[in-house]
Amino acid sequence: MRNKKIFLPGGIFIKRQLLELIKHTAINGESNSVLVIGPRGSGKTLLVCHVLKKLLEIKEVKENILQVHLNGLLQTNDRIALKEMTRQLNLENVVGDKVFGSFAENLAFLLEALKKGDRDHSCPVLFILDEFDLFVHHKNQTLLYNLFDISQSAQTPIAVIGLTCRLDILELMEKRVKSRFSHRQIYLMNSFDFKTYLNICKEQLSLPPEFPEKSFIQKWNRHIQSLLEDIKVQDVLQNQFYYNKDLRCLFMLLMLASNNITASHPYIRVSDFLEANKVCRMDTKANIVHGLSVLELCLIIAMKHLNDTYEGEPFNFQMVYHGELIGVF
């Protein structure tokens, strides 16, 4: 699906608040930390990317700030996170084969390597932690503790921006981590109504004026207008709207509906919407095991038992057969 318009979340105040926070770090060397909280699809990442794009248009900011982007789904522990930070900061050669006693020492050495001239002139670093709540589950929350500790001290100026969908994120933090966090929080909500939702849908499906087949544009756009006025299609969209306002889910629904377009039927039909809705609502886990034989299901059950027994340790087919499969039968 194409994106002709960006539906940017939040008001002018929210954008300005985040922009000024990063700007103070980049230009004035002030350390800051903030959490951007909102449901999935509310535009947290989009907001941060939009603010960064605006900031990087300022020459002083572009030449002065370094960025580190981490994701809790990818950097599953502090060791992996530190390795990724080293790579993004281009400090692999500086670290080399050095051995550090702790995570804090390693992080302090990385930030010290970014010093320019003396301790009073350091290169500001912007840390963006997507899926922030997953970093809270790291052992002892060491990464978060050290980042927030540095942001409160007079060391290298850093800004830590966490993106999460957990409203109870502060309750998940350890006391020592929470005490070093600035407690700045920005909340985003999917506040648009169903009429706006329909307009977004229409915007995504309509053909733009620059489409090469001029004679087809009007026919297609008229068809889309009548399609979205159909009661069955509106029921599908309304169910999707109240089930999940995430625009990515809407785009997936529209993509599946438009996949059936062929030369023989060049327009999206109501039946295409109904079929796409079934696919979107399908239980993916149940779909994986659909059509498996009894023996295959028994193997899955046996593997689940072994996985619980050995707490994630590796096992082979022989262990499954002799240790569990006989018991299942």
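**Figure 1. Helices α11 and α12 side by side.** In this predicted model, helix α11 (residues 194-205) and helix α12 (residues 214-229) have axes that come within 10 Å and cross at roughly 155 degrees. The two helices are therefore roughly antiparallel to each other, as an angle over 145 degrees counts as roughly antiparallel. The crossing of α11 past α12 is right-handed. To find the contact in your viewer, look on α11 for Leu 198, Cys 201, Lys 202 and Leu 205, and on α12 for Trp 220, Ile 224, Gln 225 and Leu 228. By class, the residues of this contact are six nonpolar, one polar and one charged.

Figure 2. From α11 come Phe 194, Tyr 197, Leu 198 and Cys 201, which meet Gln 234, Leu 237, Gln 238, Gln 240 and Phe 241 of α13. This contact has six nonpolar and three polar residues, and no charged ones.

Figure 3. Setting aside neighbours within four places in sequence, Gln 240 is in contact with Tyr 197, Lys 245, Cys 249, Leu 250, Leu 253, Asn 277 and Arg 281.

**Figure 4. Where α6 crosses α8.** Helix α6 (residues 103-112) packs against helix α8 (residues 142-152) at an angle of about 45 degrees, with 10 Å between their axes. That angle makes α6 oblique to α8. Their crossing is right-handed. On the α6 side the contact uses Phe 103, Ala 104, Leu 107 and Leu 111, while α8 supplies Thr 142, Leu 143, Asn 146, Leu 147 and Ile 150. Sorted by class, the contact of α6 with α8 holds seven nonpolar and two polar residues, with no charged residue.

Figure 5. In soluble globular proteins, nonpolar side chains tend to be buried together. The largest nonpolar core here has 32 residues, and Phe 127, Phe 132 and Met 173 are the members that touch the most others. Helix α8 gives this core its largest share, six residues. Another core lies apart from it, with 26 residues that include Ile 200, Leu 205, Trp 220 and Leu 250.

**Figure 6. A closer look at Phe 132.** Which residues does Phe 132 contact, leaving aside its neighbours within four places in sequence? They are Leu 35, Leu 144, Phe 148, Gly 162, Leu 163, Thr 164, Ile 169 and Met 173. Met 173 is, like Phe 132, among the members that touch the most others in the largest core.

**Figure 7. Two residues with positive phi.** Most residues other than glycine have a negative phi. Gln 141, although not a glycine, has a positive phi of about 50 degrees. Its place is in the loop between α7 (132-136) and α8. With 4% relative accessibility, Gln 141 counts as buried. His 183, also not a glycine, has a positive phi of about 65 degrees. Look for His 183 in the loop between α10 (175-180) and β5 (185-187). At 39% relative accessibility, His 183 counts as partly exposed.

**Figure 8. Val 61 in helix α3.** Val 61 sits in α3 (residues 59-62) and is buried, with a relative accessible area of 1%. Not counting residues up to four places away in sequence, Val 61 touches Ala 26, Ile 27 and Leu 55. The C-alpha atoms of Val 61 and Pro 124 are separated by 9.7 Å, and these residues are 63 residues apart along the chain.

How values were computed
Residues are numbered from 1 along each chain as its sequence is written. This is a predicted model: local features need pLDDT of at least 70, side-chain atom pairs count only at pLDDT 80 or more; totals for chains, interfaces and linings use all residues. Side-chain values use heavy atoms; hydrogens and water are left out. Axes are lines fitted to C-alpha atoms, for helices over the stretch in contact, and angles run from 0 to 180 degrees between N-to-C directions. Helices (H or I, at least four residues) and strands (E, at least two) are DSSP runs, numbered from the N terminus. Angles under 35 degrees count as roughly parallel, over 145 as roughly antiparallel, 65 to 115 as roughly perpendicular and the rest as oblique. A crossing is left-handed if the near helix is turned anticlockwise from the far one by less than a right angle, and right-handed if clockwise. Contact means heavy atoms within 4.5 Å. Ala, Val, Leu, Ile, Met, Phe, Trp, Tyr, Cys and Pro count as nonpolar, Asp, Glu, Lys and Arg as charged, and the others, Gly among them, as polar. A nonpolar core is a set of buried Ala, Val, Leu, Ile, Met, Phe, Trp, Tyr and Cys residues joined through side-chain atoms within 4.5 Å. Buried means under 20% relative accessible area, exposed over 50%, partly exposed in between (1.4 Å probe, protein chains only).
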